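Student: I have a structure to study. Please take me through it step by step.

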Amino acid sequence: MPRSYVIDDPEKGVFLLDREVHVSEEVLREEMRKIFAKCWIYVGHGSELKKPGDFLTRRVAGRPVIFVRDQKGEVQCHFNTCRHRGALVCADRAGNARRFFCVYHGWIYGNDGKLNRVPGDEAYTAAFDKEELALKKPAKFENYRDFWFMSLDPEIVPLEEYLGRTTEYLDLVIDQSPSNQMEILPGTQEYDVGANWKLMVENSVDDYHLPSTHATWLNFMANSGVKVEPPKEKGLVLPTKGYAVDLENGHFTTDNVNFRGRPVAKWISLYGDAAKGEIEEIRKELVERLGEERATRVADTNRNLVIFPNLVINDGSSVTVRTFYPEGVGRMHVTAWALGPVEETENARARRLDAFLTFYGPGGFATPDDVEALELVQQGLANWSDDRWSEMSRGMGREGEQLNSDEHHLRIFWRHWNAMMGAEA
Amino acid sequence: MTLQMAQAVTRAEVEDFLFHEAALLDEWKLDEWQTLLADDATYLIPPNDDLDGDYRKSLFIIADDRERIRQRIIRVLDPNCHAEHPKSRTQRIVGNLRLLGQEDDITIVAANFICYRYRRYERVGQYVGNYRYRLQRHEGSFLIKEKRVFIQANELGQLGSVSIIL
């Protein structure tokens, strides 16, 4: 019997999580093998590589990679590691290059990864095969509508099968664009959090915390003329109803009726009167293209989507693409980008970015308090061995549709994580 | 000529102003700090990978207009601003001050800064970077028209949140 990190008792309606999962070095080492090496992990968006030769260097699942559009226009992902002695072959964060040059001994690779030149290659025997010495790549590299993922597992199911029902929600995000093309906007936000990476998964979809953690954001909204009414229906935490939806394979999302405005396309006073007409235009285009029902779905609902294990798309006050990776057991590195329709007008783009900053990011009016909450958890967990279990049973007895402010979706994550950690790898 | 000389901005004057500003920020006297701002002041922190970017096109860390600054201060002074409760202790050093130019009554100023931020369990954050100010002459002193903060870190990551006013 593999070890279980949860106590999951649907009959009693009890779900408890062993706090060791957030503090143990051993658990982190196992996660590297059983989670990060066995899943599809987000690398980047095709829009970040506009022209042939455009590249970005990133760490994905802890691995330094080069995310690049080659001379033929194909998006590629190479390990950023020289085949000779292992040095990084590209030290720049971003740029445009036909070739990557290893500064150590001068080996040169094309942006397609092929080894083009080895200084003094006459010193090698016939066994030295340059064809075999292209930059290595992750076992798999595929995209869904320009969202690119890699996997270190050659046996993994195709990306689209892995994503399963999450594609319905990705489609909903992409539907904001008249041409079905979304792009990552310039400017990257990065912030470390002194907490275990899995706490960010929970936090990204946990709508139970909003009134307490984000009291000052609610106050800011009220000061800006956006009255967030207390819930009218019994049992609700938020002003409007929202659901937690199981998307299988460990993925899940919240699916909420919007109350906080959306650049596409729900006006709030925060945007200013001048924006009213333009948002009506955006809405009109949605209705013409998608029909009333789908347009309402795009404009009047918001969602925080988790693609297991570490990609979050928050389609709320703006659209953020957020990924995070452990830097040790009690620390994670978070990277976040803004996503928008390519054809957006200058004013709409500015409004999207401004709406983003009202909530998200290291200088936003909400994210710093999330960071603080997660750090408070990690610091409190120093008592884990004597206070072992986190209580995550909220809403467990609820039949049928599950609420965003319960912990149903958090349990989905933990059950999937627990099963993967229990498997041999 | 004499009049122009009398009105010319000196580095010492600007230093006095910026040192005073730094003290107000270190002491969390943010309402008083706001009196140093022009009615149309902006407070901007561009992202590290697009320091020359335009906040209408690029995702900044902070891009506040005057009203947003007012709201930011209401927020950070609220005990429910968990990121700053209890308040971080900060200590800043401002130096290497240069007067870059003059546009009518606006003086463009560059300065370097280090800001140490202390939180519980002695976690120390170091924000290192430079400022670019647009200062407007006002009643023998200045008003801040624009404060732009360039954080000189390859990755902003290790700094965590920017919940203090830099």
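Tutor: Begin with a rule: two strands pair if DSSP finds at least two bridges between them. Helices (H or I, at least four residues) and strands (E, at least two) are DSSP runs, numbered from the N terminus. This is a predicted model, where local features need pLDDT of at least 70, side-chain atom pairs count only at pLDDT 80 or more, and totals for chains, interfaces and linings use all residues. Residues are numbered from 1 along each chain as its sequence is written, while chains are lettered from A and ligands numbered from 1 in the order in which they are written.

Student: How many bridges join β1(B) to β2(B)?

Tutor: These two strands run antiparallel. The number of bridges between β1(B) and β2(B) is three.

Student: Which residue in β6(B) stands opposite T42(B)?

Tutor: Strand β1 (residues 37-45) of chain B also pairs with strand β6 (residues 141-151) of chain B. That pairing is parallel, over four bridges. Opposite T42(B) stands E146(B).

Student: What is the radius of gyration of chain B?

Tutor: Chain B has four helices and six strands, in the order α-α-α-β-β-α-β-β-β-β from the N terminus. The radius is taken over C-alpha atoms, and the globule rule is 2.2 Å times the number of residues to the power 0.38. That rule gives 15 Å for 166 residues, and chain B comes close to it, so it is as compact as a globular protein of that length. Its radius of gyration is 16 Å.

Student: How many residues of chain A are in contact with chain B?

Tutor: Two residues are in contact if their C-beta atoms, placed from the backbone, lie within 7 Å. Chain B brings 31 residues to this meeting. On the chain A side, the number is 36.

Student: Which element gives the largest share of the side of chain B that touches chain A?

Tutor: Two elements of chain B give two or more residues to that side: β2 (62-64) and α4 (66-77). The largest share is three residues. They come from α4(B).

Student: What distance separates the centres of domain 1 and domain 2 of chain A?

Tutor: Domain bounds come from an automatic or database domain assignment. Chain A is divided into domain 1 (41-159) and domain 2 (175-422). Eight residues of domain 1 are in contact with seven of domain 2. Taken over C-alpha atoms, the centres are separated by 33 Å.
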